[in-house]
Amino acid sequence: LDKKSPDSPEEVTTHLPPFFHIERIISLGIEWQLHTVVRRVTPANDPVVITIPLIKGESVITGGIKVENDKTVLSMSPGEQEKRWISTLEPTGEIILKADKSSEWVETWILDASPIWHCELSGIPLIHHQDNTGQWRPEWKPWPGESVTINISRPKAIPGKMVTVESVNLNHTSGKRTS
């Protein structure tokens, strides 16, 4: 607590330490990407520097984002509310997400996997299974120290005959009772 003047004890201001919300959207398609948004939750009155660990296999491709020792070093000026960046992820059979034990932020993880991938999830329970449009898009809101493991594989083809269709014609004739 900072007092404005010793003569007026009723005028007291509270200085909150910076606090952030980190949203990571893991997009698994033909290319694997990670979209990260860091939002300042507390008032943006002061400049701040925050260091956020990268996920294993993550490579930041957005310019202007400083990376040191597998961590991003973000600086926000007064009035700046958020930073965003895109990273590539190295395709692997397993992604491990672990919430840092930091008291400076909370995280949200969202998995956006294409149907070409089969994902088996283990760890903490999901908050949401689907997004607003009904698409399977698991979401987690971990507490510090909690983790999720995503085991990823490509579905195998089923043995059997294959047919390639190159063209189709459909002729439809309405019956007498059709109105």
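**View 1. The charged end of Arg154 sits over the ring of Trp117.** In this predicted model, the charged end of Arg154 lies 5.3 Å from the centre of the Trp117 ring; a charge sits over a ring if NZ of Lys or CZ of Arg is within 6 Å of the ring centre and within 35 degrees of the ring normal. Residues are numbered from 1 along each chain as its sequence is written, and side-chain values use heavy atoms, with hydrogens and water left out. Local features need pLDDT of at least 70 and side-chain atom pairs count only at pLDDT 80 or more, whereas totals for chains, interfaces and linings use all residues.

**View 2. Trp32 and Trp117 form the 1 aromatic pair of the structure.** The ring centres are 5.3 Å apart and the planes stand at 85°, so the pair is edge-to-face (rings of Phe, Tyr and Trp, the last by its six-membered ring, pair if their centres lie within 6.5 Å; planes under 30 degrees apart count as stacked, over 60 as edge-to-face and the rest as tilted). Because Trp32 lies in strand β4 (residues 32-40) and Trp117 in the loop between β11 (105-113) and β12 (118-123), the pair ties together parts that are 85 residues apart in sequence; strands are DSSP runs of E, at least two residues, numbered from the N terminus. Both Trp32 and Trp117 are buried, meaning under 20% relative accessible area with a 1.4 Å probe and protein chains only.

**View 3. The side chains of strand β5 (residues 48-53) alternate between two faces.** Pro53 stands opposite Lys71 in β8, and β5 pairs with β8 (residues 71-76) in the antiparallel sense over 6 bridges; two strands pair if DSSP finds at least two bridges between them.

Key. Helix = DSSP H or I, 4+ residues; strand = E, 2+ residues; numbered from the N terminus. Buried < 20%, exposed > 50% of the residue type's maximum accessible area, 1.4 Å probe, protein only.
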